[in-house]
Amino acid sequence: MRPTIHSALGLFLLAPALFAMGACDKTPPPQENPASVSSSTSAQAAAPKIAPVTISGSSALQPLVNAAKEKYETTHAGASIEVSAGGSKKGIADVASGAVQVGDSDIAAPDDLKSQLVDHKVAVVGFAAMANKGDFNAKLTSLSMKDLARVFTGDAKNWKDLGGGNQPIVVINRAPASGTRAVFGGIVLGGDKFVEGQTEDNSGALVAKLKQTKGAISYLALSFKDDALVTLALKGADGAVVDTVDANIESGAYPIWSYEHMFTKGEPSGASKAFLDYVSSPEFQKTVVPSVKGFIPMTEMKTIRD
């Protein structure tokens with residue numbers, strides 16, 4: 001059917017009105033859902049990361065410092081503590097040169113660096129001779145200072161020389177940079193007079209080596225005491241045995257122990273000061289130090305040592 005003149009005229013008049021309605025539509029575009037905003041906004045609002053506190057040195061002290069790191073980072077947002085071993089002498093050299101902010105050590109600073117370094121004593125740890133476990137030393141629970149000296153200078157070469165079975169003694173030393181070596185040698189041998197032999201750079205590796213080597217013996221901090229090894233008590237001149245328990249170290253009855261030092265080059269500041277303040281705090285000394293194997297709080301010592 002063909003459109004009439006009237007219907008065509010109606011469509012012609014309606015078109016401008018429809019165009020005008022479209023042109024006047026001011027409906028705003030859909031807004032972005034706030035929940036879809038990029039997570040980068042949240043990242044920008046996060047707490048700023050604090051520059052890490054760098055620490056190196058004593059492997060004997062490392063278990064306590066690792067415990068401090070874990071507790072501190074949990075309760076201080078953004079804090080970062082980086083801990084590495086390598087020996088006490090390395091720790092002292094590193095902090096003196098500025099390579100790290102804190103140097104861990106079992107020994108005091110040498111005379112030529114004492115004016116540069118500030119000593120933060122954080123705990124006490126005992127040391128003992130520890131050996132591979134076997135039938136050859138099953139009945140040996142203690143050795144005298146004299147016998148220890150015979151072993152580590154090489155004079156005693158077989159476990160039968162000490163009252164044990166027939167098995168060659170294998171002495172495994174810590175490396176020359178070790179504070180453990182310096183402490184044990186200083187107290188037992190009167191200096192670094194160890195027989196030449198195998199060496200290990202850190203205490204953890206030494207424990208593994210002792211377990212694997214038949215007849216082996218060495219010296220370790222009590223923080224590395226292991227039931228798979230024989231830990232030898234000390235036999236006094238009167239034959240009485242002095243065990244390595246905390247009470248004997250605290251009283252001085254067991255003499256093979258040292259202070260654990262955390263050195264800084266000058267007075268600490270910023271993040272390193274905050275961390276050392278935490279390690280020296282009554283809370284840390286009373287709750288954390290006693291919970292880490294082998295360590296004794298400074299406040300528990302009834303004897304002092306220069």
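**Note on the H5–H6 packing**

1. In this predicted model, helix H5 (residues 145-153) and helix H6 (residues 179-189) have axes that come within 9 Å and cross at roughly 125°, where helices are DSSP runs of H or I with at least four residues and axes are lines fitted to C-alpha atoms over the stretch in contact, with angles from 0 to 180 degrees between N-to-C directions. That angle makes H5 oblique to H6, because angles under 35 degrees count as roughly parallel, over 145 as roughly antiparallel, 65 to 115 as roughly perpendicular and the rest as oblique.

2. On the H5 side, Met 145, Leu 148, Ala 149, Phe 152 and Thr 153 meet Phe 184, Ile 187, Val 188 and Leu 189 of H6, contact meaning heavy atoms within 4.5 Å. These residues divide into eight nonpolar, one polar and no charged, with Ala, Val, Leu, Ile, Met, Phe, Trp, Tyr, Cys and Pro counted as nonpolar, Asp, Glu, Lys and Arg as charged, and the others, Gly among them, as polar.

3. Phe 152 also forms an edge-to-face aromatic pair with Phe 194, at 6.2 Å centre to centre and 80° between the planes (ring centres within 6.5 Å; planes under 30 degrees apart are stacked, over 60 edge-to-face, the rest tilted). Phe 194 lies in the loop between H6 and strand E7 (198-200), so the pair ties together parts that are 42 residues apart in sequence.

4. Mean pLDDT (the predictor's confidence in each residue, from 0 to 100) is 88 for the protein, and 84% of its residues reach 70 or more. Over residues 1-27, however, the pLDDT is below 50.

5. Residues are numbered from 1 along each chain as its sequence is written, and side-chain values use heavy atoms, leaving out hydrogens and water. Local features need pLDDT of at least 70 and side-chain atom pairs count only at pLDDT 80 or more, whereas totals for chains, interfaces and linings use all residues.

Definitions and conventions: Helix = DSSP H or I, 4+ residues; strand = E, 2+ residues; numbered from the N terminus. Phe/Tyr/Trp six-rings, centres within 6.5 Å; stacked < 30°, edge-to-face > 60°.
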